[in-house]
Amino acid sequence: MTEPTNQALPAGYPYPELVGDYRDRLFGDQRERSLLYRRLRYWESSDGAALDQLAGVVELLRSDPASRAAGFSVWRPEADLAGEYPVSPVGGACRVVEDTLYLFITARSVDVWVGLVPELLAMNQLAMELCLQVGCHDCRVVYHAWSAHLYEVDYLTYVAGDA
């Protein structure tokens, strides 16, 4: 995402309610029930204490903007491999380069037509918040997925013009 303030939906995107739902999981009413939010803000460390990973990223980058160690994880294989709805982002990192905060996200799996748009827009909002907290003047999201897939029914619906 190269335009962090552009939160507009792509033309023809048929699931605008999913964008609001995804954002609510990180920033709104659903965040306390959201597995992704809890993993980012209340990661259980080895001693059992809750660790706010995003606060740690901000603190590290404020004190050392050149750091390459501002990473976070949301993946717990022992729980997620057997889970019905494991988190899609499995981790990420932040870097500051020339006053621009880069939020690198690695996703396990993403449905390109249904889930990618809400996830990108929510991650873009997260990048903007981190950017402001760190004190940068710009931000970018770099997104990598291990598995990006498009279901035939979604593609055919789009081609038929029903979306």
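## A predicted chain, from one loop outwards

At 34% relative accessibility, aspartate 99 counts as partly exposed. On this scale, buried means under 20% relative accessible area, exposed over 50%, and partly exposed in between, with a 1.4 Å probe and protein chains only. The model is predicted, so local features need pLDDT of at least 70 and side-chain atom pairs pLDDT 80 or more, whereas totals for chains, interfaces and linings use all residues. Residues are numbered from 1 along each chain as its sequence is written, and side-chain values use heavy atoms, without hydrogens and water.

**The loop around aspartate 99**

Aspartate 99 sits in the loop between E4 and E5. Its phi is near 65 degrees, a positive value in a residue other than glycine. Glutamate 98 belongs to the loop between strand E4 (89-97) and E5. Although glutamate 98 is not a glycine, its phi is also positive, at about 50 degrees. How accessible is glutamate 98? With a relative accessible area of 78%, glutamate 98 is exposed.

**A buried serine**

Serine 109 counts as buried because its relative accessibility is 18%. If we leave aside neighbours within four places in sequence, serine 109 is in contact (heavy atoms within 4.5 Å) with Ser88, Ser147 and His149.

**Rings that pair up**

Now for the aromatic side chains: a search of the whole structure finds four aromatic pairs. One of them is edge-to-face and joins tyrosine 13 to tyrosine 15, with 5.8 Å from centre to centre and 80 degrees between the planes. Tyrosine 102 and phenylalanine 104 form a stacked pair, because their ring centres are 6.2 Å apart and their planes are at 25 degrees. For such pairs, rings of Phe, Tyr and Trp (its six-membered ring) must have centres within 6.5 Å; planes under 30 degrees apart count as stacked, over 60 as edge-to-face and the rest as tilted. Ring pairs also link Tyr13, Tyr15 and Trp113 into a cluster.

How accessible are the residues of the two pairs described here?

| Residue | Relative accessibility | Class |
|---|---|---|
| Tyrosine 13 | 8% | buried |
| Tyrosine 15 | 25% | partly exposed |
| Tyrosine 102 | 26% | partly exposed |
| Phenylalanine 104 | 32% | partly exposed |

**The whole chain**

Stepping back, the chain has six helices and eight strands. These are DSSP runs numbered from the N terminus: helices are H or I, at least four residues, and strands are E, at least two. From the N terminus on, the order is α-α-β-β-α-β-α-β-β-β-α-β-β-α.

Buried residues make up 37% of the 163 residues. Of the contacts between residues at least 6 apart in sequence, 60% join residues at least 24 apart. The chain exposes about 9200 Å² (Shrake-Rupley method, 1.4 Å probe), and carbon and sulfur atoms supply 53% of that area.

Finally, the charges: the chain has 13 positive and 23 negative side chains, and the centres of the two sets are 5 Å apart. Here Lys and Arg count as positive and Asp and Glu as negative, while His and the chain ends are not counted. Each charge is placed at NZ of Lys, CZ of Arg, CG of Asp or CD of Glu.
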